[in-house]
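Here are a few exercises to work through with the model open. Try each task before you read its solution.

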Amino acid sequence: WDIGIAMDMIELANKLDTIILVSGDGDFVPLVQHLRRAMGCRIEVMAFGPSSSGRLREEADEFFDMDRNSVKFLMKY
């Protein structure tokens, strides 16, 4: 799914001002850097803080820690 997400983000970047990535995977850091630098997009990241890449959090224009309101983001069984 990482490749698919990256392809979608690159394909849509020229049509968007802001892209929200819901992942804490540090493998997305080069993609975030490219979209900000080359495409001029604002990148916001949503992820559970403890399991997200610190580098990805630093590269994002804004980071939303879903762990701060886990009741809202986690499914009830």
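**Exercise 1: the strands**

Task: work out which side chains of strand 1 (residues 18-22) point to which face.

Solution: Buried here means under 20% relative accessible area (1.4 Å probe, protein chains only). Strands are DSSP E runs of at least two residues, and helices are H or I runs of at least four, numbered from the N terminus.

Next, look for the partner: strand 1 runs parallel to strand 2 (residues 42-47), joined by 5 bridges; pairing takes at least two DSSP bridges. Then follow the chain from strand 1 through helix 2 (residues 29-37) to strand 2, a right-handed β-α-β crossover. Right-handed means that, with the strands pointing away from you, the path from the first strand over the helix to the second runs clockwise.

A note on the model: it's predicted, so local features need pLDDT of at least 70 and side-chain atom pairs 80 or more, while totals for chains, interfaces and linings use all residues. Residues are numbered from 1 along each chain as its sequence is written, and side-chain values use heavy atoms, without hydrogens and water.

**Exercise 2: a glutamate**

Task: find what glutamate 59 touches.

Solution: start in helix 3 (residues 54-59), where glutamate 59 lies. Glutamate 59 is buried, at 17% relative accessible area. Leaving out residues up to four places away in sequence, glutamate 59 touches Val29, Val32, Gln33 and Arg36, with contact meaning heavy atoms within 4.5 Å.

Key
Buried < 20%, exposed > 50% of the residue type's maximum accessible area, 1.4 Å probe, protein only.
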